[in-house]
Amino acid sequence: MSERIVILTGAGISAESGLGTFRDAGGLWAQYDLEEVATPEGFARDPAKVHAFYNARRENCRAAAPNAAHHAIARLQAAHPAAVTLITQNIDDLFARAGAEALHMHGELMRALCHSCAARWPAPERMAPEGACPQCGARATRPDVVWFGEMPYHLDEILAALGAADRFVAIGTSGAVQPAGSFVQEAAAAGARTLELNLEPSEATPLFDEARHGPATALVPDWVEAVLAG
Ligand code: BV8
């Protein structure tokens, strides 16, 4: 396949694996105050509360399994590894467990970071403020996730892929968070055809050439099969 495809996923692709989204009714930001649990200021104020928030999500993630949408994208990437760039805003490890390679622009729930020496390592099941960095020993460990106000990871690689994309597909994201919410315009400006696969119309739907609405486990396998047959 000569076409270069960039895929951006959000919480909606993991919803049918039982992991909560953020802005749907009853979503995570309805249960927690984003400012308290997903900002560096909130972590500085109450690290125990933030660790408890991510410990609970790490437990949910362990109990979840990749769904048909994760597996379909893994199949597409395996068939055309050089042509598919997979970007995810999600911090769960469901793509890795489905055998797909994703650029985790908002970090990874299953990795820990030392904010003293910047060491990274696989996160233990439960993290706590008194946890010590295995490299420097400082009691300065945090989840390796990108909080609001922090610079997302892999932006150079992402912007290069968007600039060379023939197709851009957004799956299960509201487009509410930046800079990910503007990737569709970056891709369109580079001449890519853009497609939204989402449970329902999002604020970003008008920005796409085409939008299909329904659950990811139905839409994504159908779309992948059509691309593979193409
Ligand atoms: C930054 C990790 C500087 C932690 C998260 C303009 C430019 C740049 C920045 C900003 C800007 N305006 C505002 C900002 C600041 C801020 C921001 O965007 N604020 C928002 C609230 C307005 N952005 C930042 O701080 C970012 N950093 O800006 O650095 C910079 C400046 C310029 C250029 C580069 C850098 C850092 C943001 C990262 C924050 N960390 N997560 C954690 O997870 O705890 S964000 C969080 O939101 C998650 O990553 C989540 O994935 C992401 C986006 O949400 P969605 O994934 O879209 O989830 P949501 O619930 O919203 O939507 C789910 C969708 O799925 C829905 O549409 C639903 O219909 C659909 N769905 C549901 N079920 C299904 C389904 N679809 C299909 N099938 C289903 N079954």
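The structure holds nine salt bridges, a salt bridge being a side-chain nitrogen of Lys or Arg within 4 Å of a carboxyl oxygen of Asp or Glu. The model is a predicted one, in which local features need pLDDT of at least 70 and side-chain atom pairs count only at pLDDT 80 or more, while totals for chains, interfaces and linings use all residues. Residues are numbered from 1 along each chain as its sequence is written, and side-chain values use heavy atoms, with hydrogens and water left out.

One of the salt bridges pairs Glu 3 with Arg 193, with 3.7 Å between the closest N and O atoms. Glu 3 lies in the segment before β1 (5–9) and Arg 193 in strand β8 (residues 193–198), so this pair ties together parts that are 190 residues apart in sequence. Helices (H or I, at least four residues) and strands (E, at least two) are DSSP runs, numbered from the N terminus. Glu 3 is partly exposed at a relative accessible area of 22%, and Arg 193 is partly exposed at 48%. In these terms, buried means under 20% relative accessible area, exposed over 50%, and partly exposed in between (1.4 Å probe, protein chains only). Salt bridges that share partners join Glu 3, Arg 167 and Arg 193 into one network.

A further salt bridge links Lys 49 and Glu 36, whose closest N and O atoms are 2.6 Å apart. Because Lys 49 belongs to helix α4 (residues 47–63) and Glu 36 to helix α2 (residues 34–37), the pair ties together parts that are 13 residues apart in sequence. Lys 49 is partly exposed at 37% relative accessibility, and Glu 36 is partly exposed with a relative accessible area of 31%. In the salt bridge between Glu 150 and Arg 142, the closest N and O atoms are 2.8 Å apart. Glu 150 is partly exposed, with a relative accessible area of 24%, whereas Arg 142 is buried, with a value of 8%.

The domain assignment of the chain gives domain 1 (1–19 + 66–106 + 152–230) and domain 2 (25–63 + 109–145), with bounds that come from an automatic or database domain assignment. Seven residues from domain 1 and eleven residues from domain 2 take part in the contact, defined as heavy atoms within 4.5 Å. The centres of the two domains, taken over C-alpha atoms, are separated by 26 Å. Between them, domain 1 and domain 2 bury about 690 Å², 57% of it on carbon and sulfur atoms; buried area is the accessible area (1.4 Å probe) that two parts lose on being put together, summed over both. Of the area that domain 1 buries against domain 2, Leu 19, Ile 91 and Tyr 153 supply 64%, more than any other three residues. The count of salt bridges between domain 1 and domain 2 is zero, but four residue pairs are in polar contact across the interface (both at pLDDT 80 or more). A polar contact is a pair of N or O atoms within 3.5 Å; within protein, one must be able to donate a hydrogen and the other to accept it, and residues adjacent in sequence count only if both atoms are side-chain atoms.

Asp 92 is found in the loop between β2 (84–88) and α6 (94–98). Asp 92 is buried yet has no salt bridge, and the nearest side chain of opposite charge, Arg 97, is 7.2 Å away; Lys and Arg count as positive and Asp and Glu as negative, while His and the chain ends are not counted. The side chains of Asp 92 and Ser 14 are joined by a polar contact of 2.7 Å. A polar atom of the Asp 92 side chain also lies 3.1 Å from the backbone nitrogen of Leu 94.
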